[in-house]
Amino acid sequence: MNSSLKIKVCGLTKLNQIEELITSKIDFLGFIFYQKSPRYVLNSLSLEDIRSLKSNSKVGVFVNETVKKIVEISEKADLNFIQLHGDENEDYINDLREKLNNKIGIIKVIRIGNQSKEELQKTINQIPKTINYLLFDTDSRAFGGTGKTFNWQILNEIEIPKPYFLSGGISDENIHQLTTINHQPIALDINSKFEIEPGNKDLKKIKKFKNNIEFN
Ligand SMILES: O=C(O)c1ccccc1N[C@@H]1O[C@H](COP(=O)(O)O)[C@@H](O)[C@H]1O
């Protein structure tokens, strides 16, 4: 498919699985710091556990969290990226950028529901240039982790000003449609379609997916 396409595995909660994914050279490791998620990482791991992982691609996923809390968690867990998965606006992002260690990248999520392409473009254009990546996911009341895809064709109708992650129900069954997107993502974000139960990942399935991406 594309050997430079990276993979992010999100919703990790088990140390042995994370270590195996590091050995398998998974590009980004995602930890959910949203208490309402069934993948809330602090139910299983401590900030020190996350800090101790030998990886420089640890992504903390936050939903409408305070800037203060994000900064505190990012320092304690030694996070490398912050994924903003809620309704964080321009002022919020500017404030976070100012207070966050500048080595930490910001990924802003755009949740795609039934908005028009014009509305979507407007949302994208309002995001401060200081973010590093965009991430497109399916909109839902749970914010994420739904296993549902959005219509990827809308990405062919808008301008995407930053490198982006593609997310939302990505699976073995739908990944062949990736070739229909003109502006390709830099990474695929996989989550609920690659687990036995929330937070318990199917490592065999993940490794097979990674091989397929690299060698097809
Ligand atoms: O996974 C969750 O529980 C979650 C909860 C709240 C916000 C984000 C969440 N996960 C993110 O959702 C997307 C897509 O996941 P899926 O493939 O549809 O299951 C992914 O970016 C996760 O980071």
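Strands S4 and S5 (residues 105-112) pair in the parallel sense over four bridges; strands count as paired if DSSP finds at least two bridges between them. Within this pairing, Gln83 stands opposite Ile107 in S5. Helices (H or I, at least four residues) and strands (E, at least two) are DSSP runs, numbered from the N terminus. The structure is a predicted model, in which local features need pLDDT of at least 70 and side-chain atom pairs count only at pLDDT 80 or more, whereas totals for chains, interfaces and linings use all residues. Residues are numbered from 1 along each chain as its sequence is written.

S3, helix H3 (residues 67-77) and S4 form a right-handed β-α-β unit. S4 itself (residues 81-84) is covered on both faces, with Phe81 and Gln83 buried on one side and Ile82 and Leu84 buried on the other. A residue is buried here if 20 or more other C-beta atoms, placed from the backbone, lie within 10 Å of its own.

Strand S2 (residues 28-32) has five of its five residues buried: Phe28, Gly30 and Ile32 point one way, and Leu29 and Phe31 the other. S2 pairs in the parallel sense with S3 over four bridges, where Lys58 is the bridge partner of Leu29. S2 also pairs in the parallel sense with strand S1 (residues 6-9), over two bridges, and Val9 stands opposite Leu29.

In total, the protein has six helices and ten strands. Its radius of gyration, taken over C-alpha atoms, is 16 Å, close to the 17 Å that the globule rule (2.2 Å times the number of residues to the power 0.38) gives for 216 residues, so the protein is as compact as a globular protein of that length.

Around the ligand stand 26 residues, the closest being Ser37, Gly144, Gly145, Asn191 and Ser192; a residue is near the ligand if its C-beta atom, placed from the backbone, lies within 6 Å of it.

How values were computed
A residue is buried if 20 or more other C-beta atoms lie within 10 Å of its own, exposed if 12 or fewer, and partly exposed in between; C-beta atoms are placed from the backbone. A crossover is right-handed if, with the strands pointing away from the viewer, the path from the first strand over the helix to the second runs clockwise.
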